[in-house]
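Please open the model in your viewer and keep the selection tool at hand. The tour moves from one selection to the next and says what can be found at each stop.

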Amino acid sequence: MFKKNLLLAILWTLSSSLAFSQGSGSLRGIITDQSGALVPAAQIRVTGPAGIVREVTSTGDGSYIINGLAPGKYAVRASSAGLTQPESTSVDIGTGAATTLNIGLRLVLENQQVTVDEKLTGSVDTDPSQNAASLSVSGSDLDALSDDPDDLAADLAALAGPSAGPAGGQFYIDGFTAGDAVLPSKSSIREIRINQNPFSPEFETIGFGRTEIFTKPGTDKFRGQVYFNYGNDIFNSRNPYAQQKAPFLLKDPGGSFGGALGKRTSYFVDLDRRQIDNGAVINAVIVDQKTFAITPYSAVAGTPSTRTRISPRLDYQINSSNTFMFRYGLTDSSNDANGIGGFNLISKAYTQTMREHAFQATETAVISSHIIDETHVQFLHQNQVQKTASLDPAISVASAFNGGGPGNPDYFYIHHHYEVQNFVSMAFGKHTIKTGVRLRAVSLVDSTKANFDGTWTFGGNTAFSSIQQYQQTLLHAPGVGPTQLTVNAGTPGVQVGQIDLSFFAGDDYRIRPNITFSYGLRYEWQTNIHDNKNFAPRVAVAWAPGKPAKGGRAKTVIRLGGGLFYDRFTEQNILVAERFDGVSQKQFVVRNPFTVLTPGTYSFPTIPSIAELQKIPGALSLQAVHTVSPLISVPYVIQTALGVERSLPRNTTLAVTWTNSHALHGLRTRNINAPLNRVATPSIYPYASQGLTGPILEMESAGLYNQNQLVTNLNTRVNSKISLFGYYTLSYAKSNADGVNSFPADQYNLADEYGTASGNARHRGSIGGSVATYWNLRLSPLVDLRSGTPFNITTSQDIYGSTILNARPGIVTDPNFPGVVKTAYGLFNPNPQPGDTIVPRNFGRSPSQFSVDLRVARTFSLRKNREKTARAGAADSGGSPSVAAPVAGPARSRNGIGGFDGQATAIGNAGGNKNYNLTVSVSSRNLFNHVNPGPVIGNINSPKFGQSNELSGGNGASSNRRFEFQLRLAF
């Protein structure tokens, strides 16, 4: 039934489209004279690669808009009666980009020598897509980012900064929501945009933290590159949490090439094969199986992995009004020893393979000089398989070690993601109107035997820490045993699906040349929940006070905006609820199993059979059930922002923005069948009359989040050799939930949950860019620094009988208090009583983080092609237009329409004297070898409380400092 509804919904959306479409770039601006007065009826001539020409006339307010421009370099010249622009201005147009170029004209005087500046990148404008708080990374600036796809994602997260709101940032790839899709290889990325047009109704997520990735199109001449990345542990520093150096061997050959297939078609192909023999660092505390002594344990295990990526792209110019783009991506990855590192011992290893097929088709239809229709279609097929030879039960000793089997020996899923979008953009006078519809759907076939082999959990108690409790269990100490036993059984496979549909309409109204008012409305609907009154209004205004600077450029822009943003209730939540409904799979939770299981039939670590568990009196009451609250609502954020942007000398912009985010209906999970008297025994259960004393884990939308941020952005393009960007953020955030997988400590006292939000770094900053120095060396730094993030202090004990091992201790002042735990954060009572003062949520604070990544590159010109370009200088010759190989890319900033003269709507990059360049580079992660500790262990029952046992970045950080070398031949 789901597949039938999905097919009907897709056909309905396609039939409602005016035409298949795919956007390209646009150019807009204002024409002024020497005094700064507006110039109506000025003629603007745009000449692009291969001689394509567009001509438009400025409107009564001096503004002009040209849409449908393909990526490339353009020459722009304006003129009017008695006024002229003696020299053309050069401007780069990107796929989907709305580029602003304001032009100042001079009086026509004989023998007058006039110098006209090109558009300065350090300008500010009231255009909503030109906010100075945004960041665009392209060209040589991309060298500051890592070539490794995993590190690249971390770099992009650092550039985006701490996202406003609780849900974090979101990635878009060529206009499509990325979700869990694989990021493209860096060699295929043309441009990355962050925080652009944050209050556009076109996007579902908050603009601050949104990252848009655009891939390279084909060109009109054959171009390409081949490269080889190499790394070896010889050059790396040791992980400080390991007693020996972790292995590391990187071999990453790849390349890309593109060109024309006739006069109407261009192509681009990207290939990459990454092989890494990495090492995972284990840093735990164990019990020696011979002496039974508690012993620190450190080891390094090899974790080889491979990743193959093939991604061809085809751009086709159907006619003068329609262009078409098709892109396919195949990603095949494997990890031979996943799941190791930190507290996870080698016995937890499992193999994992994942294959993704990504299909994207887009097309643009130029309906008229004022209307463009565009449609985007995406299909993702993802298949993941997980295997292990071990069927041993898992052993979890809280914050000491995780051993035994991997807990999920057999896992298999197939995910199908569908997405169809249709947008219509219209420009009438001072209005640029955008409206559209998006349909997304997903179907999941998910099979898992997670915890079918069972898990023994040791959380510690008032007498023993977690590792001591495990030790005493091995020694058969009277009355000592595991804290909890959990076992799953039943049907491994579950199939679920979900559809969501959204509509939006927005208008950028240029009230005056220095005032733009943007407003719009978005509506969202989804299956699987009943809350579908999800209207999201957005509004923003930009004002450039005072007299414009030379060339009509604004000196200062003040922005004010606000909007409502929803966060979808995902299909993964439905998957959990349907899997653990008490019928498909049964999840047995046995508290204090030594006191419940029949004497003589139990011998740790052997897991009792399901038949044995069902013999326990009241066995049905032991089962945990996962469910979704019937009152569930879609989480949303109300965000407001006020910013001031200033154009500074040396092509520099400065933006200071204050944002406030107020989020309601945040997701969390709560045991609604926890004992009302808050004790494990004897317990009074709310659903005892129905024979249920086991946990009922209900997902609910009762979370609250409040955040204030002050963000300072600085972007400078001093000259062709120096390009830098950076930001600093001061953030304050509080919440009472951290997502659907978070639980309150006391299931019936939610007031104590409101505190510092997890992940909230008070101070954070980043600097990146590109600097050309002597001997043609180019330095590409990326500096990231932030203050410590909070962490929760817990006991890992089932104090309240809820089966949730995340209770927080009480605060005491008497150092002689029985059972007191003395820490650097105070004196804690691991077994608080009713009325005691509880440690606030996220009371601890981790150490600060600092890292400097640097790439140093030198390019050698090997040989020049002596063949002259057929159209050398055509960009300013005014020659007749011709059709070249088209490029089409998703337009995510549809901000202007008009000026079409029936010529080709997309062409490739202009050809020229072609160089064969060899680039030699070396890059370093954490150049200064600064130790950045990972998450601090907040469990007071852990032997490592208050410490970290791994580097920041997780188990993959096998080296504290890493060097990689690259050879790249471009032709």
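Begin by selecting strand 43 (810–812) together with strand 45 (residues 826–829), which pair in the antiparallel sense over 3 bridges; two strands count as paired if DSSP finds at least two bridges between them, and the strands themselves are DSSP runs of E with at least two residues, numbered from the N terminus. Within this pair, pick Ile 811, whose bridge partner in strand 45 is Phe 828. This is a predicted model, in which local features need pLDDT of at least 70 and side-chain atom pairs count only at pLDDT 80 or more, while totals for chains, interfaces and linings use all residues. Residues are numbered from 1 along each chain as its sequence is written, and side-chain values use heavy atoms, with hydrogens and water left out.

Arg 808 lies in the loop between strand 42 (790–791) and strand 43, and Glu 753 in the loop between strand 38 (722–735) and strand 39 (755–756), so the pair ties together parts that are 55 residues apart in sequence. Both Arg 808 and Glu 753 are buried, that is, under 20% relative accessible area with a 1.4 Å probe and protein chains only.

From there, go to Arg 438 and Glu 204, whose side chains also form a salt bridge, at 3.2 Å from N to O. Arg 438 sits in strand 26 (residues 431–448) and Glu 204 in the loop between strand 14 (189–194) and strand 15 (211–215), so that distant parts of the chain, 234 residues apart, are linked. Arg 438 and Glu 204 are both buried.

Finally, select Glu 964 and Arg 962, which meet through their side chains in a salt bridge (3.1 Å, N to O). Glu 964 is buried, with a relative accessible area of 8%, and Arg 962 is buried at 15%. A search of the whole structure finds 32 salt bridges.

Note on methods. Salt bridge = Lys/Arg side-chain N within 4 Å of Asp/Glu carboxyl O. Helix = DSSP H or I, 4+ residues; strand = E, 2+ residues; numbered from the N terminus. Buried < 20%, exposed > 50% of the residue type's maximum accessible area, 1.4 Å probe, protein only.
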